[in-house]
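Have a look at the model before you read on.

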Amino acid sequence: VRYSSWAGKEGGKKKYHGQFEIVDVKWDETVGGDTLDMLLVDRFVKEFEEKHSADLSKTPRSVGKMRKNVRKTKEILSANKEAPFSVESLHDDIDLRSTIDRAAFTDIAKDVFERMTQPLRDVVAGLERFNVTLADIEAIEVIGGSTRVPGVKDAIMDALGGRKFDVHL
């Protein structure tokens, strides 16, 4: 967006009004936090199936339980290098207890991080259409729950050529 202001009169006094103009919009609706969650679900499903010779694809309830718990694991991984994963009575009264480290998660999510930042890369590449460079932009604000994931942060910073960004909204 491009911010600007204009002066007007209100009650006989000069008053400034802020405004913004949306100059470009890009997104990829096929990736987001749920995509990262499903990567973790797939990893833990595979681990469970290898240990217990079970097919969880036929039990949607088990996958639903896992989806609920991987969000918590993903949040823990955002602040810690390793996170536990646990689901009580996942399938046939068998519990699943496991762990994952941030490096393993980052490895399985590399492609998703790239896809998540492709719209940003497209916007940055198209700035010349507006006679603007990345250096001309005062602030970059990134929103969304997945912006807490270190791999997403790194991919965004890479897409911005190493420039810092804000996540305050």
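1. The cut-offs are 65 to 115 degrees for roughly perpendicular, under 35 for roughly parallel, over 145 for roughly antiparallel, and oblique for the rest.

2. Before going further, bear in mind that this is a predicted model, with local features needing pLDDT of at least 70, side-chain atom pairs counted only at pLDDT 80 or more, and totals for chains, interfaces and linings using all residues. Residues are numbered from 1 along each chain as its sequence is written, and side-chain values use heavy atoms, with hydrogens and water left out.

3. On the α1 side of that contact (heavy atoms within 4.5 Å) you'll find Gly-33, Asp-34, Leu-36, Asp-37, Met-38, Leu-40, Val-41, Phe-44 and Val-45, and they meet Val-63, Met-66, Arg-67, Val-70, Arg-71 and Lys-74 of α2.

4. How does α1 (residues 33-52) pack against α3 (residues 102-125), and at what angle? The angle is about 155°, with the axes 10 Å apart. That makes α1 roughly antiparallel to α3, and the crossing is again described as right-handed. Axes are lines fitted to C-alpha atoms, for helices over the stretch in contact, and angles run from 0 to 180 degrees between N-to-C directions; helices (H or I, at least four residues) and strands (E, at least two) are DSSP runs, numbered from the N terminus.

5. From α1, Gly-33, Thr-35, Leu-36, Leu-39, Leu-40 and Arg-43 meet Phe-105, Ile-108, Ala-109, Val-112, Phe-113 and Met-116 of α3. By class, the residues of this contact are 9 nonpolar, 2 polar and 1 charged.

6. α3 also packs on α4: the axes come within 8 Å and cross at roughly 35°, in a right-handed crossing. Arg-102, Phe-113, Met-116, Thr-117, Leu-120, Arg-121 and Val-124 of α3 meet Pro-150, Gly-151, Val-152, Ala-155, Ile-156, Asp-158 and Ala-159 of α4. This contact divides into 9 nonpolar, 2 polar and 3 charged residues.

7. Now the largest pocket, at about 1500 Å³. It is lined by 39 residues, with Val-1, Leu-120, Val-123, Ile-140 and Glu-141 nearest its centre. β1 (2-10), α3 and α4 (150-159) are the elements giving two or more residues to the lining, and the largest share, 6 residues, is from α3. The lining has 25 nonpolar, 7 polar and 7 charged residues.

8. Finally, the search finds 1 cavity of 30 Å³ or more, and the largest cavity is about 40 Å³. Its lining is Lys-74, Leu-77, Ser-78, Arg-102, Phe-105, Thr-106, Val-149, Pro-150 and Gly-151, with α2 (60-79), α3 and α4 each supplying at least two residues.

9. On the void terms: on a 1 Å grid over the protein atoms alone, a cavity is a set of points where a 1.4 Å probe fits but cannot get out, while a pocket is an open set with protein on both sides within 12 Å along at least five of seven lines; lining residues have an atom within 4 Å of a point. Grid points are joined across faces, edges and corners, and a volume is the space filled by probe spheres set on the points.

Methods:
Left-handed = near helix turned anticlockwise from the far one by under 90°. Nonpolar A, V, L, I, M, F, W, Y, C, P; charged D, E, K, R; others polar.
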